[in-house]
Amino acid sequence: MKSEQSDFFKHLFGGEKSLPKSEKKILVLSYSQISTYQQCSLKYKFQYMEKRPSKPSPHLDFGNTIHNTLKEFHQNFDLRKASPFRSNPAPKGTDASDEYWGTSNGVNLEDLLELYEKNWVAEGYESREQEEEFRREGERMLKNYYQTAIKNPNLPLYLEESFKFRIGDCEIWGKIDRIDRLPDGEWEIIDYKAGKRRIKQVGLEADLNLLEIDESFQLSLYYLGCKNKFEKVPEKVSLYYLKYNQKISAARRPEQLRDVERIVDQVASQIREKKFEPKKGPLCPWCSYKELCPAFKEALL
Ligand code: SF4
């Protein structure tokens, strides 16, 4: 498999210099843009070509709060120095030694929750009650995350690390939530999921096939982004479902990486051909552009 993978990389990256000079203008795409196009190409046009503002969304603001909190937490604290007792009063008859309080760089659950408060974005919620419901859910998720994180010896190497690379006439860019160095020196890509999506299957590599295709596609893109930027092939890619405090990991297979090229080419050609058709779906009632959308208006008649 290794040689098949390296042939593929030679084709995708090493071969880039030998590609014939393209007449086409470079199209810049991210995972979100590609997945929005796949969800509804008219929505893509409104959002990314006409740059119409989207409506505030509690899920978006909540996701940003959680991502920013975890980024700052790992940037500022070394979890190997966790001090679980610091928030309790010192036991009677003892003085508060370094061992009790942790070191000056020690970290405590309160540090994480303080960052959560600092990063809270109050816009986008429909009511005070809804905001409080999200706030409590975030606190529960972070408490569970912390308990797991302090037992994890892996060190985050990069946080919110951006990348870009070429596929044909497209420049793909993105940001990886986290890249860890594993105890054996290999790398792991981690993408946090703060939403309420259910896990259909957990654990085994084969089960990842049962996850929604867009998530698998996202991880393949990030894998290639990491490989291209650092010339390091990650050993595994993971989705961390914070709601369930559950991380699902898998390796990438060459066919999944070839799919990236196929999907990018397909979406890019349709964008270049200006194919922007509405595609109605269960998310239409929450679409920021439904008032502009002929298909949505028609459905209401
Ligand atoms: S309302 Fe639905 S069909 Fe219309 S643009 Fe939005 S997602 Fe597309």
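Predicted model: local features only at pLDDT ≥ 70, side-chain atom pairs only at ≥ 80, totals over all residues.
Colleague: Which elements of the chain have the lowest and the highest mean pLDDT?

Modeller: Helix α5, residues 98-101, has the lowest mean, 42, whereas α3 has the highest, 97.

Colleague: How is the packing of two helices described, and at what angle do α4 and α6 pack?

Modeller: Two packed helices are described by the angle between their axes and by the distance between those axes. Helix α4 (residues 58-76) packs against helix α6 (residues 109-119) at about 135°, the axes being 9 Å apart. α4 is therefore oblique to α6. Their crossing is right-handed.

Colleague: Which residues of α4 and α6 meet?

Modeller: From α4 come Thr65, Asn68, Thr69, Glu72 and Phe73; from α6 come Leu112, Leu115, Tyr116 and Asn119. By class, the contact of α4 with α6 has four nonpolar, four polar and one charged residues.

Colleague: At what angle does α4 pack with α7, and how far apart are their axes?

Modeller: The angle between α4 and helix α7 (residues 128-149) is about 30°, and their axes are 11 Å apart. This crossing is right-handed. On the α4 side the contact is made by Pro58, Phe62, Thr65, Ile66 and Thr69, and on the α7 side by Gln130, Phe134, Gly138 and Leu142. The contact of α4 with α7 comprises five nonpolar, four polar and no charged residues.

Colleague: What is the corresponding geometry for α6 and α7?

Modeller: α6 and α7 pack at about 145°, with axes 10 Å apart, and their crossing is right-handed. Leu109, Leu112, Leu113 and Tyr116 of α6 make the contact with Gly138, Glu139, Leu142, Lys143 and Tyr146 of α7. The residues of this contact divide into six nonpolar, one polar and two charged.

Colleague: Turning to the ligand, how many residues surround it, and which are the closest?

Modeller: The ligand is surrounded by 13 residues, of which the closest are Cys40, Pro278, Cys284, Cys287 and Cys293. By class, the shell has nine nonpolar, no polar and four charged residues.

Colleague: Which helices each supply at least two residues of that shell?

Modeller: They are α3 (41-49) and α10 (294-300). As noted for the confidence, α3 has the highest mean pLDDT among the elements of the chain.

How values were computed:
Residues numbered from 1 in each chain as written. Axes fitted to C-alpha atoms, helices over the stretch in contact; angles between N-to-C directions. Helix = DSSP H or I, 4+ residues; strand = E, 2+ residues; numbered from the N terminus. Parallel < 35°, antiparallel > 145°, perpendicular 65-115°, else oblique. Left-handed = near helix turned anticlockwise from the far one by under 90°. Contact = placed C-beta atoms within 7 Å. Nonpolar A, V, L, I, M, F, W, Y, C, P; charged D, E, K, R; others polar. Near = placed C-beta within 6 Å. pLDDT = per-residue confidence, 0-100.
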